[in-house]
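The following paragraphs guide the reader through selected parts of a predicted model. Please keep the sequence and the structure in view while reading.

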Amino acid sequence: MSHDLPIERIMQTGLLSCGPDTPLCEAAARMAARRCSSILVMQGERALGIWTEHDVFRVDFADPAAVRVPIGEVMSTPVASLHRTTPVAEAAARLHAEGRRHFLVVGDADEVLGIITQTDLALNQGIEPYLRLREVRCAMRARPLVLPAGLLLAEAARRMRRSGDEAAVVAGDDTGELGIVTERDLVRFIADHPGNTPIGALASRPLLTVGEQEMLIHARDRLIDNQMRHLAVLDEAGRVVGLVGFRDMLAGAENLYLEDLREALEQRDRALSQSRQHLQLAERVIEASLEGIIITDARSRIEFVNPAFTRLTGYSLEEVVGRTPALLSSGRHDADFYHAMWQELQAHGYWRGEIWNRRKSGQLFLEQLTITAITDDQGVTNHYAALFTDITQLRENEERVRRLAYYDALTGLPNRRLLEDRLELAIRHAHRQEQRLAVIFIDLDHFKQVNDTLGHAVGDELLVKVAERLAHRLREDDTLARLGGDEFIVMLPELDEPDEVTRVARRLVEGISEPFTLGGHEFRIGCSLGISLYPDDGDSPEPLVRNADAAMYRAKQEGRNTYRLYHAGMHVQHHQQLALETALRNTVESGEGLEVHYQPLVTHDAGGLHSAEALLRWTHPEFGVVTPGEFIPLAERSGLIVPLGEWVMARVCRQLAEWRRAGFSPAPVAINLAAQQFVQPDLVERVQAQLAAHDLPGHLLGFELTESTLVERPDQARETLQGLSDIPCHVAIDDFGTGYSSLSYLHELPVSILKIDRSFIQGLGATRHSGAIVAAVSGMARELGLSVVAEGVETEAQHRALGRYGVDLIQGYLIGRPVDADEFARQWLPAVATGPA
Ligand code: C2E
Ligand code: CA
Ligand code: CA
């Protein structure tokens, strides 16, 4: 077999190369002209990087300038290479395992000699016998990506990247004729950019086809004759049922190689048992056989072994004659095993199985063993013939192939295929048990930025760490898979209640949002999750994954770093949730059981009252005290947060007016604003109306917003913030440090206060890390003219530590807990000298 050939024998020489300054479109034009799948970026004798067809997916076709960037900016680097003597089989395995399509072939001094691609291997791997024997449908990719003719080029490229398909069928145009778009076509579109036009007009037509029952060799010949790389596969009715390309043939042939080897063994076994009566003929076969053969007498004493036996075990004929095969025993099988073997042999004259034996060198090996009893004319056993092959390697290969086919090379997680298998099983199980199961689609937020700014190596490392963190937060029975890129899927089987999945989702979001340290950088990255449930959102893998994906998109649109259920109603289907939501709805209408508490913020230096934060409290006759941590998220999900927030604002304004009437000089009160409140177009007018209704000056009211509320719609945010600060109400950024934590954009917004999240304050003194963050944030905030609040100060030690960092304001239990309005006035509000009451 040509698997042992060194790759230098089949590599391509005469590489296409260019300098790093070459515009991408020019490089692509040269590739298209030469039908090369890659171009090497060289500086003098040195290969800086490579740009391959596969990289086309990184090009944004919606941007005409993207095709003119210098290739040096978009190439992949470094270039993976193999030494010229690497065997073809190993090269094939590594292409697979590493998901590459090319290796540079280098000499002893690392000088570039040529390149070897997947196609070269497919053509040279000696797979022809297989291609001749197998039908197209064995190797085709079923359910190919089909794109509507009206889809724009940029979107088409994006979908191909997402699905990992190197080619897509383009649905019929006016004439109904199918077309195809491949990576290679995309290279052409870089060379002469057609604009972001519908792919219907760009697809190659006609789409060459092959019948699913034709032999693969025909498909291959058609590909080579037409210099194409993909064919559409038609079933008997002429419908497109798949795509087949070189990559599929290569993958198919590897599996078939193993299968065929097994079949060949079986054939030989059959031949041997037929020749029981013709031992002499058999002996000739035996001499030449590649398999180890032992002939013993009726009492198992070895009479003869063939040369292959010696090669496989290390024992010569002289060493073993007269002894029994037990000298090969590995000790891995117990007496029962051998006993059963003998029984079967006596009963049927034949035994076959796998057995571990030991070579003369001591090394263990797995053999496929067949023992046949050889009888004389009277039917009395006079010899045994044992025939074996070493299948250790085969087993390892099988394992390797299995891993390649089912696991993601980077993270070692199950890939899409294995996930779908497992999902199918789990669905069947859930069906029988009448249980739910959940699919969570996870996509990292802004992963592309990490790749673009810190490089792909850091990107890869991040993916591995993300996988670790996710896995860490799951149960053993859950499946975590990587679909590719920055997309992961979690499957939770056997859900008892829908609530369980949202708990897990929250845990996963939290896990990812902790900072990562990679390549000397510390940074945060969020993730967006979408959830679908069986049987509610689909009863097979495909719709479940698709719907989870759709839900993930909603999570991205509605704020990122969060999760969404595909079927939004599911959130509240759980009884208690539903009851709680109903209760909250009633409460919002009546206002009963709601109360606002006030927590003081004091100046760090003098300790005088600066302002208060309004914090909502809810006591329900049945549920008792419900914490904001429980009901605020519920209110946000159900939309009740808007009327609830309205109630808080009205209540606070009334309170401020009451305090004034009662002769107190009230301090400004800050109200927490949820995202949905903030995006109300008439927010500023509503605030003005409330102030006017109670005849209050604007500076008595402030608002607290989290960064994520601001980030998603920056233009609207700017306008609304400007409106609020014109009133003039002060605006604070809440929980700083837990989200995007970008000071640079705050700079441009009219906010005046920054509240450092209490998690950092709590860590003060405990971890150096927290101190560093507080120091950095307060330093930069001061530069930007912002006041800095330390939230959640509980101890004197924390208070003292803050003295070092230039924090302006302090809030926390140490100073004062949130208390009701009367208590707050008593403790904190100075009476105006001559109050009316
Ligand atoms: P937040 O805006 O970060 O509010 C500060 C939270 O920290 C409050 O929790 C407060 O009681 C707590 N806290 C203050 N000092 C300390 C301390 O020293 N140690 C500790 N461990 N905690 C301290 P609370 O009242 O449970 O509110 C939780 C969250 O609920 C608030 O976080 C806010 O996001 C939300 N929330 C509360 N009231 C409202 C409201 O009227 N509208 C909206 N939209 N959200 C609200
Ligand atoms: Ca707050
Ligand atoms: Ca806060």
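The residues of the shell around ligand 1 comprise ten nonpolar, seven charged and five polar ones. In total, 22 residues surround this ligand, and the closest of them are R617, D734, R758, E794 and Y813.

Which elements of secondary structure each supply at least two residues of this shell? They are the strands β27 (609-620) and β31 (730-736), together with the helices α21 (628-638) and α22 (641-661). Of the shell around ligand 1, the largest share comes from β27, which provides four residues.

For E794, an N or O atom of the side chain is 2.5 Å from a nitrogen atom of ligand 1. For R617, one of the closest residues to the ligand, a polar side-chain atom lies 2.9 Å from a ligand oxygen atom. A polar side-chain atom of E613 is likewise placed 3.2 Å from an oxygen atom of ligand 1.

Attention may now turn to another part of the model, a sheet. Three strands form an open sheet in the order β1-β2-β3, and their pairing is mixed. Its edge strands, β1 (17-18) and β3 (46-52), each pair on one side only. Strand β2, residues 38-43, runs parallel to β1 and is joined to β1 by two bridges. Within this pairing, C18 has V41 of β2 as its bridge partner.

Definitions and conventions: Residues numbered from 1 in each chain as written. Chains lettered and ligands numbered in written order. Predicted model: local features only at pLDDT ≥ 70, side-chain atom pairs only at ≥ 80, totals over all residues. Heavy atoms only, no water. Near = heavy atom within 4 Å. Polar contact = N/O pair within 3.5 Å; in protein donor to acceptor, adjacent residues only side chain to side chain. Nonpolar A, V, L, I, M, F, W, Y, C, P; charged D, E, K, R; others polar. Pairing = 2+ DSSP bridges.
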